[in-house]
Amino acid sequence: MEALFQAMIGGLVLGLIYVAIAVGLTIIFGTLRLVNFAHGAFYAIGAYVGLVIAQHIGVGWAFVAAPIAVALFAVLLDRLVLRLFYDKEPTAQLLVTFGIALVVEETLRLIFGATTQQYAMPASLQGSVTLGPITYPAYRLLFAGGVIVMLALVWLFIERTNYGLIVRAGIRDRIMVQLLGGNIHQASTIVFALGAAIAGLVGAAATPIYSIDPATGFAFLVPSFVVVVVGGLGSFWGAVLGGLLIGELQSLTNLAYAPASNVVIYLCMALVLLLRPQGLLGESEVIRQ
Amino acid sequence: MTAPAVTPTAAQTRLRVDGINTYYGDSHVLRDVSLHIGAGETVALLGRNGVGKTTTLKSIVGWLKPRTGSVTLDGEELVGCEMMAIARKGISLVPEERRIFTNLTVAENLKLAQVTAQKPGWTLDHVYEKFPRLRERLTHKGDEISGGEKQMLAIARALVQDVKVLLLDEPTEGLAPLIVREVENVIREIKSAGITTLLVEQNLYSALAVADRCYIIDQGEIKFEGTPAQVRTDEDLRRRYLHV
């Protein structure tokens, strides 16, 4: 029973990482119609920036520097490269973002080497917390709480601000937003930077839990795409539901039969695609260009 | 065929389209289209399906870029400007398909138009006074309201902005006769509010009832400019270009 609880909380933490990456992926796709295979690279860059800052300045600053650095990188990438591919076919977007992800991975390998790395969490957070029958590392619970707060802030931004209103309208009809005088390009840049910053922050914050190597981006990207498909492309709550579902499924399968833990998420995706192709909370309505 | 009697002077001209040529790929859709609308005028652009009416509106708002020719608002050139910039200068298109944001509520659709407006237009109280059914549907999503309500919302969305020229594309299309009359009343309200309007309609008699002047377009070319009375009385003109 204790192992089951451990696995469930582990699944929650893993699922929240997937949620954070998938929310970025899904709002970027919704607003920019961009299938962004470079999104995992944002996680990896955030993780390495966090590693360097944590080792040389302090863990607190890592959480500040990582999202800012990744957001700036994303804006540059958007302005210099991706903007040229907004109106291109998804295949072209997929290839260019996949190429960017490979360039980032190899650059990280060149700078930091291929070995696995991790920074130590602050001493004050190295303790454990007792939750009923189990004892769990305090940092992991804090991480989970932090991600939940961050997701709540993102939701408030999307649902309660004027920019969020433009973003939500742009998800459905970019042309009409412009016909009303809305600056969809600026809103798109903000969304892209926001999605990247979330991935970067989670990358930095998760490094004490999950060690990193240059291929980390892909390791988290692929399940996050599964999450987006399961939850429904373009749906915030779909990403939340899909992330938690996939995280728990992976963690519990790992407990029951570890070799199947990576396969089970793809089976889940196939099942959802067969029964509800638009995803659990996705809409089947055609989105205007 | 041309009736110059009601042409506004250059000083009064609010919107001027001058010899535009617009293409879809290699297909030449608009051929030297010229028209002008005076401040406060309601002008109808008439024609059969697929003759270039909507393309004319899209060329004015920057949705399509004319290859040659000029579009000016109060003398300021618009060709080459982004859609957003043209909207912010005060040209508002209510498109044929309404294009209501179906994932937003009626209230959010209106709020978005207020948020993106360069200057405010009608207040929400004024909107609800003119479109009382919208007040009753504020919390409904865009896909939960009727076709007539969608049309009212699309027009209201334009009017909460400080609109200098309103472009209405087939506002009565697909609506029940009772709702068509409501929309016609709304257009009369807009006219009486002094808002410059270019009305694209296939519903000939609906357009003639509110227009000060008319243009008829056929195969991408302006074939007639004159008064509604001329269109009403010239059977040959109607049969040749409007098939009625």
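Two residues are said to be in contact when they have heavy atoms within 4.5 Å of each other, and by that rule 20 residues of chain A are in contact with 24 residues of chain B. The model is predicted, so that local features need pLDDT of at least 70 and side-chain atom pairs count only at pLDDT 80 or more, while totals for chains, interfaces and linings use all residues. Residues are numbered from 1 along each chain as its sequence is written, chains are lettered from A in the order in which they are written, and side-chain values use heavy atoms, with hydrogens and water left out.

The interface can also be described by its area. The size of an interface is often given as the accessible area lost when the parts come together. Here buried area is the accessible area, taken with a 1.4 Å probe, that two parts lose on being put together, summed over both; between chain A and chain B it comes to about 2200 Å², with carbon and sulfur atoms giving 62%. On the side of chain A, the residues that lose the most area to chain B are A:Leu165, A:Leu179 and A:Leu180, which together account for 31% of what that side buries.

Helices (H or I, at least four residues) and strands (E, at least two) are DSSP runs numbered from the N terminus, and the elements that give two or more residues to the side of chain A that touches chain B are helix H6 (162–172) and helix H7 (174–179) of chain A. H6(A) gives the most, with six residues. With Ala, Val, Leu, Ile, Met, Phe, Trp, Tyr, Cys and Pro counted as nonpolar, Asp, Glu, Lys and Arg as charged, and the others, Gly among them, as polar, this side of chain A divides into eight nonpolar, seven polar and five charged residues.

A salt bridge is a side-chain nitrogen of Lys or Arg within 4 Å of a carboxyl oxygen of Asp or Glu, and two of them are found across the interface of chain A and chain B. A:Asp173 forms a salt bridge with B:Arg99, the closest N and O atoms being 2.9 Å apart. B:Arg99 also forms a salt bridge with B:Glu97, at 3.6 Å between the closest N and O atoms. Buried means under 20% relative accessible area, exposed over 50%, and partly exposed in between (1.4 Å probe, protein chains only); B:Arg99 counts as buried at 6%, whereas B:Glu97 counts as partly exposed at 41%.

The loop between strand E6 (91–94) and helix H3 (106–116) of chain B holds B:Arg98, a residue other than glycine whose phi is positive, near 70 degrees. Most residues other than glycine have a negative phi. B:Arg98 is buried, with a relative accessible area of 10%. The buried residues of H3(B), including B:Leu110 and B:Leu112, pack against H6 of chain A together with helices H2 (83–89), H4 (124–130), H5 (132–136) and H6 (147–159) of chain B.

The side chains of B:Asp74 and B:Arg14 meet in a salt bridge (3.2 Å, N to O). Because B:Arg14 lies in strand E1 (residues 13–24) of chain B and B:Asp74 in the E4–E5 loop, the pair ties together parts that are 60 residues apart in sequence. B:Arg14, at 23% relative accessibility, counts as partly exposed, and B:Asp74 counts as partly exposed at 39%.

A nonpolar core is a set of buried Ala, Val, Leu, Ile, Met, Phe, Trp, Tyr and Cys residues joined through side-chain atoms within 4.5 Å. The largest such core has 166 residues, and those with the most contacts inside it are A:Phe143, B:Ile91 and B:Phe131. Its largest share, 16 residues, comes from helix H1 (residues 2–32) of chain A. Leaving aside neighbours within four places in sequence, B:Ile91 is in contact with residues including B:Leu15, B:Ile60, B:Leu73 and B:Val165.
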